[in-house]
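Reader: I have the sequence and the structure open, and I would like to understand the words used to describe them. Could we go through some of these words together and set each against its definition?

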Amino acid sequence: MEHGHQHGHSIERELECVSQVPIFQSLAEEQLLSVAQVTRPIHAVRGGAVFNAGEVSQTLYIVNTGQVRLYHLSAEGKEQVLRVLNPGDFVGEIALFTDEIHGSYAEATMTTELCTISRESLTNLISRMPPLSMHLLGALADRLKAAERQATLMAIPDALPRLAGYLQVLSHDQSGVVDLPMSKQDLAAYLGMTPESLSRKLHQLVSDGVIETIGRRQIKVLAVNDLAALAPQ
């Protein structure tokens, strides 16, 4: 079941949307146009559901503008943020292979436009453009690595190494400014921390001269070796 509000089909908007996605970027112009022709736009307001846990997945969702967060709900109602989708990111590729039941919730964090491709359309595209299947497998492999990385971080009982490990990966183990891909509230939920605990640990890293915070969504890594020493080995 698709949520959000469907708008009229605009090939220009859909072309813009699919051209952002890495799995489509190597396609020739006419192939990209073929992808755009089978995509359909949906809009979601801030806090609006894109899909809910328990629903059957038969759609690939691509973020064009805005942001979507994926999260689980525990039996106690506690949110565990799994991933945040920014423009060019997508979810639902498992729908290619099976009628998967969504195990998570997808919610827009701001006014968001997505383009969607049905399983039937995507399967047809792959049969006509075989390289797409390899690009999808590569995307799935990246997804698996990210999930394993998060699981490794979540297994660490101490919050500081958990945060240091996340920042180390985000910065590619280099000094300089990095953009946080999600709000600090969502980052806390992603790392299994409270917002207060995240704030304390960030302040500790700032006080120790390891990082500098810039505004609400940027971190400047100052001491790469110190960050690496704090991160899990």
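Author: Let us begin with strands, which are DSSP runs of E that hold at least two residues and are numbered from the N terminus. In this model, which is a predicted one, Q67 is found in the loop between β5 (59–65) and β6 (68–73).

Reader: Why is Q67 called buried?

Author: Buried means under 20% relative accessible area, and Q67 has 5% relative accessibility, so Q67 counts as buried.

Reader: What makes the pair Q67 and N86 a polar contact?

Author: A polar contact needs N or O atoms within 3.5 Å, one able to donate a hydrogen and the other able to accept it, and the side chains of Q67 and N86 make such a contact at 2.7 Å.

Reader: Why is L32 called buried?

Author: The cut-off is again under 20%, and L32 has a relative accessible area of 14%, so L32 is buried. L32 has its place in helix α2 (residues 29–37), and it touches residues including L15, V18 and F24.

Reader: How is the chain divided into domains?

Author: The chain is divided into domain 1 (7–147) and domain 2 (156–230), and the contact takes 10 residues from domain 1 and 7 residues from domain 2. The C-alpha centres of domain 1 and domain 2 lie 28 Å apart.

Reader: What area is buried between domain 1 and domain 2?

Author: The buried area is about 630 Å², of which carbon and sulfur atoms give 44%. On the side of domain 1, Q80, V81 and V84 supply 50% of the area buried against domain 2, more than any other three residues.

Reader: What makes R69 and D186 a salt bridge?

Author: A salt bridge needs a side-chain nitrogen of Lys or Arg within 4 Å of a carboxyl oxygen of Asp or Glu, and the side chains of R69 and D186 meet at 3.0 Å, N to O, in a salt bridge. Between domain 1 and domain 2 the count is 1 salt bridge, while 5 residue pairs are in polar contact, both residues being at pLDDT 80 or more. Strand β7 (residues 79–85) gives the largest share, 6 residues, of the side of domain 1 that touches domain 2, and by class that side has 3 nonpolar, 4 polar and 3 charged residues.

Key
Residues are numbered from 1 along each chain as its sequence is written. This is a predicted model: local features need pLDDT of at least 70, side-chain atom pairs count only at pLDDT 80 or more; totals for chains, interfaces and linings use all residues. Side-chain values use heavy atoms; hydrogens and water are left out. Helices (H or I, at least four residues) and strands (E, at least two) are DSSP runs, numbered from the N terminus. Buried means under 20% relative accessible area, exposed over 50%, partly exposed in between (1.4 Å probe, protein chains only). Domain bounds come from an automatic or database domain assignment. Contact means heavy atoms within 4.5 Å. Buried area is the accessible area (1.4 Å probe) that two parts lose on being put together, summed over both. Ala, Val, Leu, Ile, Met, Phe, Trp, Tyr, Cys and Pro count as nonpolar, Asp, Glu, Lys and Arg as charged, and the others, Gly among them, as polar. Lists of a residue's contacts leave out its neighbours within four places in sequence.
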